[in-house]
Amino acid sequence: MTDEWYVLIEEDTRTTERADGVELRLHRWALVATHRIGRDQAEASAAARDAALRYIPRLLARHARPGDVPGRQAFQGQDGTWVVLVRQRGRECHVRVSTARLVHSRTEEEAQAKTLKEKFRSALEGPQPLPQPWAPGR
């Protein structure tokens, strides 16, 4: 287990879908940035505070003019997570900034490509069974 602290920045992304004449605004949090801070939790908390007070969401940055300063309301929860409301020229964005400790990391591994013979065999025999889903106690 590592003892590295990170600052995580999430943005509330909204997509609008239309179905049967009804407009649905769908929200979801998307992780947009991870910044490695180091081994000190207090330093990570200070960096999270700085990010909450200075981070400009992509949507606002894309439409900003030189010298623009957006309005901002930053709330800190009891667990240390920051929820920030950023407004500029009628646009509104929500940002969540938190600290987290990296406890597990694994690199991606890809299986070797199948040979032509294996492709023909799997076409005749059918697909391989899927791995069992995770369950407690396994």
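**Charges, strands and a patch**

Modeller: Let's start with Glu4, which is buried at a relative accessible area of 18%. Buried means under 20%, exposed over 50%, and partly exposed lies in between (1.4 Å probe, protein chains only). This is a predicted model, so local features need pLDDT of at least 70 and side-chain atom pairs pLDDT 80 or more, while totals for chains, interfaces and linings use all residues. Numbering runs from 1 along each chain as its sequence is written, and side-chain values use heavy atoms, leaving out hydrogens and water.

Biologist: Which residue forms a salt bridge with Glu4?

Modeller: The general idea is that side chains of opposite charge can pair when their charged atoms come close. The cut-off here is a Lys or Arg side-chain nitrogen within 4 Å of an Asp or Glu carboxyl oxygen. The partner of Glu4 is Arg36, with the closest N and O atoms 3.3 Å apart. That pair links distant parts of the chain, with Glu4 in strand E1 and Arg36 in strand E2, 32 residues apart. Strands (E, at least two residues) and helices (H or I, at least four) are DSSP runs, numbered from the N terminus.

Biologist: How many salt bridges does the structure hold?

Modeller: Seven salt bridges in total. One of them pairs Arg96 with Glu10, 2.9 Å from N to O. Arg96 sits in strand E5 and Glu10 in strand E1, so this pair ties together parts that are 86 residues apart in sequence. Glu10 is buried at 17% relative accessibility, whereas Arg96 is partly exposed at 23%. Another joins Glu23 and Arg25, whose closest N and O atoms are 3.5 Å apart. Glu23 is partly exposed at 41%, and Arg25 is exposed at 52%. Through shared partners, Arg18, Glu23 and Arg25 form one salt-bridge network.

Biologist: Now the sheet. In what order do the strands lie?

Modeller: Strands of a sheet pair through backbone hydrogen bonds, either parallel or antiparallel. We call two strands paired if DSSP finds at least two bridges between them. This sheet is open, with five antiparallel strands in the order E2-E1-E5-E4-E3. E2 (22–38) and E3 (71–76) are the edges with a single partner each, so one side of each has no neighbour in the sheet. On average, neighbouring strands are turned by 20° against each other, direction ignored.

Biologist: How many bridges join E1 and E5?

Modeller: Eight, between E1 (residues 4–19) and E5 (residues 91–102), in the antiparallel sense. Within that pairing, Glu11 stands opposite Val95 in E5. Helix H1 (residues 41–54) packs on the sheet, touching E1, E2, E3, E4 (82–88) and E5, and its direction makes about 35° with that of E1. Contact means heavy atoms within 4.5 Å; axes are lines fitted to C-alpha atoms, for helices over the stretch in contact, with angles from 0 to 180 degrees between N-to-C directions.

Biologist: What do E3 and E4 form?

Modeller: A hairpin, with five residues between them, and Gly80 in the turn has a positive phi of about 95°.

Biologist: Last one: which residues make the nonpolar surface patch?

Modeller: Val22, Leu24 and Leu26, covering about 230 Å². Patch residues have over 30% relative accessible area and no salt bridge; nonpolar side chains (Val, Leu, Ile, Met, Phe, Trp, Tyr) are joined within 5 Å, like charges within 9 Å. Areas come from Shrake-Rupley with a 1.4 Å probe; for residues, only the protein chains shown count as cover. Leu26, in strand E2, is partly exposed at 41%.
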